[in-house]
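Me: Please take me through the classifications assigned to this structure, setting each value against the criterion behind it.

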Amino acid sequence: MPFCSIDTELNHDQNNNNNNNNGTNIFYRTYGHGPTKVLLIIGLAGTHESWGPQIKGLVGTDLPNEDETRSGGGGGGGVCDWNPVPDDNESGGGIEVCAFDNRGMGQSFVPTRKSHYTTKIMANDAIALMDHLGWKKAHVFGHSMGAMIACKLAAMVPERILSLALLNVTGGGFECFPKLDLRTLSVAIRFLRAKSPEQRAAVDLDTHYSEEYLEECIGPNTRREILYQEYVKGISATGMQSNYGFEGQLNACWTHKMTRTEIESIRSAGFPVSVIHGRHDIIAQIYYARRLAEKLHPVARMIELHGGHLVSHERTEEVNQAILELIKASEVSINPNEWTNLPKKKPGWIGPRVTLIRINTEGGSNISIVLYILSRLNIFLLYLFGLIVLAFEYGRRVLKSLKPVKVGPSLALDDSQ
């Protein structure tokens, strides 16, 4: 099976959880053949298989290349025991896609220390994989946490990026908190309490898709019923994510931040960027995606679709069309001003919004004090929401660990004497 060895100082952790016996290896798959290279980075608790609709849309099949070259299958087990076959069609057309399991999930290794999960470290994993594949440059597409990793990757090695697609992305930190309402609170509690594939599948559906999409009828059943069976089967096959992996990847999201210098590194590189988001995403709020797209102006295009957090599945055709257009834009070296659909930045007042006082923030841009206060209030409420969820989970664990004190019969006898 295809593994890429990650040889960095941070990965020489004697406390790694090696239940999958994969040492410090990243598991990956490649699909299709051609000179155009596409690297897909999945989000929190996802595996490479989550990119199925996009892989099929890009190369026409979801059959991995190693399955094409191995008639008998099976075997293997060592580090990098399958090596990429040189492309016979490098000078022609065609696309080669690579999707992989991030550290902490699937068949990749699982460090036990949360500090070994950051978007920068995980971006280095992706760079190591590109080196292993012999890819000098690639189109990089990421979803959710994978989009955060893709952002960090693009800022670290902008000369190796041909285009960047950010699906359902936020800026990390407080922006990772979901929409604040009773429905989302219920989903968050159910997610933390899910211990079986069936429980996890039920809550995943509510976090991944819009309600409207789930309740659509496909024949005699709703899409929710059909997807539930698929999710249970998939989760049972890959196994529930370990606590080390989940907490580590959550730490990567929480500590993620793109500095002004990193944003400028992406902007100045000149490659086109697409920020693709579902309007009904309750996990990654679209407001933060729009704000990131505005920061990346003029190289960014904002694409809003009628879907939830897993918009790549809910609106497959639109997403696939958007990323194909992105690849084409990169190939023709489109002018950023022709690519973006965002309004030009105006100095001073922002848009037609009602504002009264203008202040200068640390970032150097002028924004309305009203919007500034509202954004800070929103962050406070999100932080409070996070504390409530964490307190609930902590309290539940404490109560579960408490054992009733047994009183022996001898005590009762002593009292009666």
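**Classifications and their grounds**

Reply: Leaving aside neighbours within four places in sequence, His208 is in contact with Tyr231, Gly308, His309, Leu310 and Glu314. His208 lies in helix 6. The model is a predicted one.

Me: Why is His208 called buried?

Reply: Buried means under 20% relative accessible area. His208 has a relative accessible area of 18%, and is therefore buried. Other buried residues are found in helix 6, among them Arg200, Ala201, Val203 and Leu205.

Me: Against which helices do the buried residues of helix 6 pack?

Reply: They pack against helix 5, helix 7 (211-214), helix 8 (223-238) and helix 12 (311-314).

Me: What makes the span of helix 6 close to the expected one?

Reply: Helix 6 has 12 residues, and the expectation at 1.5 Å a residue is 16 Å. From first C-alpha to last, helix 6 reaches 16 Å.

Me: Why are helix 5 and helix 6 called roughly antiparallel?

Reply: The axes of helix 5 (residues 182-193) and helix 6 (residues 197-208) cross at roughly 150 degrees and come within 9 Å. Angles over 145 degrees count as roughly antiparallel. Helix 5 and helix 6 are therefore roughly antiparallel to each other. The crossing of helix 5 past helix 6 is left-handed. Helix 5 contributes Arg183, Val187, Arg190, Phe191 and Arg193 to the contact, and helix 6 contributes Gln199, Arg200, Ala202, Val203, Asp204, Asp206 and Thr207. By class, the contact of helix 5 with helix 6 comprises six charged, four nonpolar and two polar residues.

Me: What makes helix 3 and helix 4 roughly perpendicular?

Reply: Here the axes of helix 3 (residues 119-133) and helix 4 cross at roughly 75 degrees, coming within 8 Å. Angles of 65 to 115 degrees count as roughly perpendicular. Helix 3 and helix 4 are therefore roughly perpendicular to each other. On the side of helix 3, the contact is made by Thr119, Lys120, Met122, Ala123, Asn124, Ala126 and Ile127; on the side of helix 4, by Met145, Met148, Ile149, Lys152, Leu153 and Met156. Nine residues of the contact of helix 3 with helix 4 are nonpolar, two are polar and two are charged.

Me: What is phi of Ser144, and where does Ser144 lie?

Reply: Phi of Ser144 is near 55 degrees, a positive value in a residue other than glycine. Most residues other than glycine have a negative phi. Ser144 is placed in the loop between strand 5 (138-143) and helix 4 (145-156).

Me: Ser144 and Ser333 each have a positive phi. How do you know whether Ser144 is buried or exposed? And which class does Ser333 receive?

Reply: The limits are under 20% for buried and over 50% for exposed. Ser144, with a relative accessible area of 13%, is therefore buried. Ser333, at 61% relative accessibility, therefore counts as exposed. Phi of Ser333 is near 50 degrees, and Ser333 is in the loop between helix 13 (316-331) and helix 14 (336-339).

Me: What makes Glu264 partly exposed?

Reply: Glu264 has 39% relative accessibility, so Glu264 counts as partly exposed. Glu264 belongs to helix 10 (residues 260-269). Its C-alpha atom is separated by 7.8 Å from that of Leu296, 32 residues apart along the chain.

Me: How do you know that Gly43 is buried, and what is in contact with Gly43?

Reply: The relative accessible area of Gly43 is 3%, so Gly43 is buried by the criterion of under 20%. Gly43 is found in the loop between strand 3 (36-41) and helix 1 (52-59). Leaving aside neighbours within four places in sequence, Gly43 is in contact with Asn102, His143, Ser144, Met145, Gly146 and Gln249. Gly43 and Val169 are 126 residues apart in sequence and 9.7 Å apart in space, C-alpha to C-alpha.

Me: What is the omega of the peptide bond from His297 to Pro298, and where is Pro298?

Reply: Omega is near 10 degrees, and the bond from His297 to Pro298 is cis. Most peptide bonds are trans. Pro298 lies in the loop between helix 11 (286-295) and strand 10 (300-305).

Me: How many residues does the chain have, and what percentage of them is buried?

Reply: The chain has 417 residues, of which buried residues make up 48%. Its secondary structure comes to 16 helices and 12 strands.

Notes: Residues numbered from 1 in each chain as written. Predicted model: local features only at pLDDT ≥ 70, side-chain atom pairs only at ≥ 80, totals over all residues. Heavy atoms only, no water. Axes fitted to C-alpha atoms, helices over the stretch in contact; angles between N-to-C directions. Helix = DSSP H or I, 4+ residues; strand = E, 2+ residues; numbered from the N terminus. Parallel < 35°, antiparallel > 145°, perpendicular 65-115°, else oblique. Left-handed = near helix turned anticlockwise from the far one by under 90°. Contact = heavy atoms within 4.5 Å. Nonpolar A, V, L, I, M, F, W, Y, C, P; charged D, E, K, R; others polar. Buried < 20%, exposed > 50% of the residue type's maximum accessible area, 1.4 Å probe, protein only. Expected span 1.5 Å × (residues − 1).
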